[in-house]
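Please examine the sequence and the structure below, with attention to the ligand and its surroundings.

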Amino acid sequence: MELLKQRILKDGIVIGKDVLKVDSFLNHCIDVSLSLEMGKEFKRLFSNCTVNKILTVEASGIGLACSTAQFFNCNVVYAKKSATRNCTDDAYTSPCHSFTHGNDNILRVSKRYLGKGDKVLIVDDFLANGCAVNALTDIVKQAGAEVVGVAIAIEKGFQGGGDALRSQGIKVESLAIIDEMNEQGIRFRD
Ligand code: 5GP
């Protein structure tokens, strides 16, 4: 998606060789009109799919998931990363290593909000090694629901998570795939 690629080139900051900071428009300060354009593009890319629920993970996926849900006319469920004192529900859980924080989390989704028959689109801001998407996919399977596809704003292709999912036959659509980046520049996949 040209609009997103141009914004990454303008405002993205590469840290080291594998972290891209886009918090001026995607995951700290959110450019809502760009977020809605991305949601509209996901609707076009998944136009032949039935989706009745969007699943993401807190916190940075929530904004994009809500923008996308506007176009699918469905609810968003987000996986929580830790059990809170008011989290008394029976839940599906799956372990996940956080790429950016370097720690391990247990992702948790209440059994009340995901179940058999749900057709789920997984949405996230980034796809790197694929740990977050794999944990969400595991949760969908535990619920007896179906992953219709995976919709990602920025995939770091050089980390391999997206291609591993595609090789399993999962429909993964990323609006910008970065095959190489460093402090001098960013190369997108054609
Ligand atoms: P994965 O689980 O695929 O290795 O990493 C995806 C998750 O880590 C996303 O939910 C995202 O929040 C975070 N993430 C991975 N790489 C980056 C990055 O370069 N920049 C930012 N801001 N977040 C990232």
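## Basis of the model

This is a predicted model, in which local features need pLDDT of at least 70 and side-chain atom pairs count only at pLDDT 80 or more, while totals for chains, interfaces and linings use all residues. Residues are numbered from 1 along each chain as its sequence is written, and side-chain values use heavy atoms, with hydrogens and water left out.

## The ligand and its shell

The ligand is surrounded by 17 residues, a residue being near a molecule if one of its heavy atoms lies within 4 Å of it; the closest are Leu20, Asp124, Ala128, Gly130 and Lys156. By class the shell comprises eight nonpolar, five polar and four charged residues, where Ala, Val, Leu, Ile, Met, Phe, Trp, Tyr, Cys and Pro count as nonpolar, Asp, Glu, Lys and Arg as charged, and the others, Gly among them, as polar.

Polar contacts are pairs of N or O atoms within 3.5 Å. A backbone N or O atom of glycine 130 lies 2.7 Å from a ligand oxygen atom, a polar backbone atom of alanine 132 is 2.8 Å from an oxygen atom of the ligand, and an N or O atom in the side chain of lysine 156 is likewise 2.8 Å from a ligand oxygen. Of the 510 Å² of accessible area that the ligand has on its own, the protein covers 90% (Shrake-Rupley method, 1.4 Å probe).

Two or more residues of the shell come from each of β2 (19-21), β7 (119-127) and α4 (131-142), and β7 gives the most, with four residues; helices (H or I, at least four residues) and strands (E, at least two) are DSSP runs numbered from the N terminus.

## The largest pocket

The ligand sits in the largest pocket, in the sense that more than half of its atoms lie within 2 Å of the pocket's grid points. A pocket is an open set of points on a 1 Å grid over the protein atoms alone, where a 1.4 Å probe fits, with protein on both sides within 12 Å along at least five of seven lines, and its lining residues have an atom within 4 Å of a point.

The lining of the largest pocket has 30 residues, of which Ser60, Ser98, Thr100, Asp125 and Phe126 lie nearest its centre. The elements giving two or more residues to this lining are β2, β5 (91-97), β7 and α4, with the largest share, four residues, coming from β7.

## Backbone features

The peptide bond from glutamate 58 to alanine 59 is cis, with omega near -5°, and alanine 59 is found in the loop between β3 (53-57) and α3 (62-72). Asparagine 73, in the loop between α3 and β4 (75-79), has a positive phi near 55° although the residue is not glycine.

Definitions and conventions. Polar contact = N/O pair within 3.5 Å; in protein donor to acceptor, adjacent residues only side chain to side chain.
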